[in-house]
Amino acid sequence: MELLRDGHLSSLRGYGLEVNPFLQFVSSVKVRSALSDTEADVNTLLSLVKVAGGLAVSTSDFPSLSTFRNERYFPPTHLEQLVKLRRAIDVMGLDETNRDWARLALAMTVEPASRLRRDGRALRYEAREPLAPMQVFERAVGRISHDVSTFGAVTGGDVEIVQGSAATPEWQLVGPSSADLVVFSPPYPNNIDYTEVYKTELWALSFVTDADEFREQRQATLRSHPSVKFRREVAYLEGDRAAEVASVLGPVVKAIPATSRYAKPLERMICGYADDMLTTFDAAFKSLRKGGYCVYVVGNSVHGTAEDPVMIASDVMLGRLAELAGFEVEVVLVARDLPRRRTASRFVRESVVVLRKPF
């Protein structure tokens with residue numbers, strides 16, 4: 001969209017897939033804001049604070065997630081104000097655009113109003129004074145208004161972000177051999193469960209309302225972490241590429257110390273991750289025209305102990321899986337080195353890998 005705005009493209013038809021409903025919402029709001037010439041109605045958005053202050057809520061209105069009920073994490077008065085803001089957004093009768101911006105501002109308020117901080121793979125407790133929700137919300141409205149006015153409207157673009165998994169055999173929104181470019185950065189196989197990391201926003205905005213919905217959302221994610229035991233079968237084992245995939249994964253799996261208590265979960269994660277990514281590459285290959293590009297950004301990861309580290313060279317491993325899907329690997333570009341806590345290997349890196357569908 002920036003290329004379109006700056007004149008490098010004359011038109012754009014784009015689709016996005018995001019399995020997490022909260023992240024899909026954030027992406028959609030940002031995309032629609034860039035494609036629209038509508039400015040945020042700051043006064044209306046700020047008036048939500050006054051409306052919220054006059055509302056009455058009870059504990060039955062609070063999200064049922066136990067994290068919100070823990071007073072070490074969320075002071076009761078802060079949780080009450082967050083719920084009042086959510087209620088105010090619902091009762092104010094805002095148009096769709098301003099309602100989306102208000103919900104985005106609310107999402108930006110949740111973490112600062114708590115003693116939790118997103119830290120890599122987890123939400124961590126910090127012994128600090130949480131910020132006042134109403135003030136954080138007002139600040140968030142100001143940031144949204146600034147961003148919307150700074151980016152400026154993009155013309156000639158038609159972009160849609162939908163909720164769904166890219167790890168499906170085909171993408172219904174994209175016709176066969178019709179796309180010029182597929183670009184993505186998948187979750188890295190580094191044990192981060194993004195459903196868990198963003199759970200407070202998921203529940204605060206009612207994308208998830210009970211434990212069963214939360215469990216199903218985690219089941220829908222890419223198998224890049226062993227936090228849950230996924231019900232999905234490893235499809236490549238029953239396909240005609242089973243031996244080829246096994247040859248790609250074999251060296252990684254064999255490097256896992258048999259004595260490690262994490263051996264089985266790690267092996268399951270590697271095989272599940274490869275299965276999901278092979279399915280993703282198959283769908284990307286089908287959607288691209290001949291000569292079209294697929295570009296992914298991925299980081300390598302190290303598991304195990306300092307004495308017995310297990311390297312997952314995701315950039316190279318995914319490149320080999322992409323070749324099994326029919327792609328040619330044009331180049332592996334090292335974008336940056338990653339922190340090395342368990343090994344001195346120079347392969348602990350984040351890479352941009354460029355693939356091409358042959359003519």
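This is a predicted model: local features need pLDDT of at least 70, side-chain atom pairs count only at pLDDT 80 or more; totals for chains, interfaces and linings use all residues.

User: Which residues have the most contacts inside the largest nonpolar core?

Analyst: In soluble globular proteins, nonpolar side chains tend to be buried together. Here the largest nonpolar core holds 43 residues, and Leu 48, Phe 68 and Phe 137 have the most contacts inside it. At least two core residues come from each of α2 (21-35), α3 (42-53), α5 (76-91), α6 (96-110), α7 (133-151) and α9. The largest share, seven residues, is that of α6.

User: Which residues does Leu 48 touch, not counting those up to four places away in sequence?

Analyst: Among them are Leu 85, Ile 89, Met 92, Ala 102 and Phe 137. There is also a second, separate core of 41 residues, including Tyr 236 and Phe 327.

User: How many bridges join strand β2 to strand β3?

Analyst: In a regular strand the side chains alternate between the two faces of the sheet. In this model, four bridges join β2 (residues 116-119) to β3 (residues 122-125), and the two strands run antiparallel. Leu 116 stands opposite Tyr 125 in β3. The strands form a hairpin with two residues between them, and Gly 120 in the turn has a positive phi of about 65°.

User: Which residue other than glycine has a phi near 75°?

Analyst: That residue is Asn 191, in the loop between β5 (179-184) and α8 (194-197). Asn 191 is partly exposed, its relative accessible area being 24%. Ser 206, likewise not a glycine, has a positive phi of about 65°. Ser 206 lies in the loop between α9 (199-204) and α10 (211-219) and is partly exposed, at 37% relative accessible area.

Key
Residues are numbered from 1 along each chain as its sequence is written. Side-chain values use heavy atoms; hydrogens and water are left out. Buried means under 20% relative accessible area, exposed over 50%, partly exposed in between (1.4 Å probe, protein chains only). Two strands pair if DSSP finds at least two bridges between them. A nonpolar core is a set of buried Ala, Val, Leu, Ile, Met, Phe, Trp, Tyr and Cys residues joined through side-chain atoms within 4.5 Å. Contact means heavy atoms within 4.5 Å.
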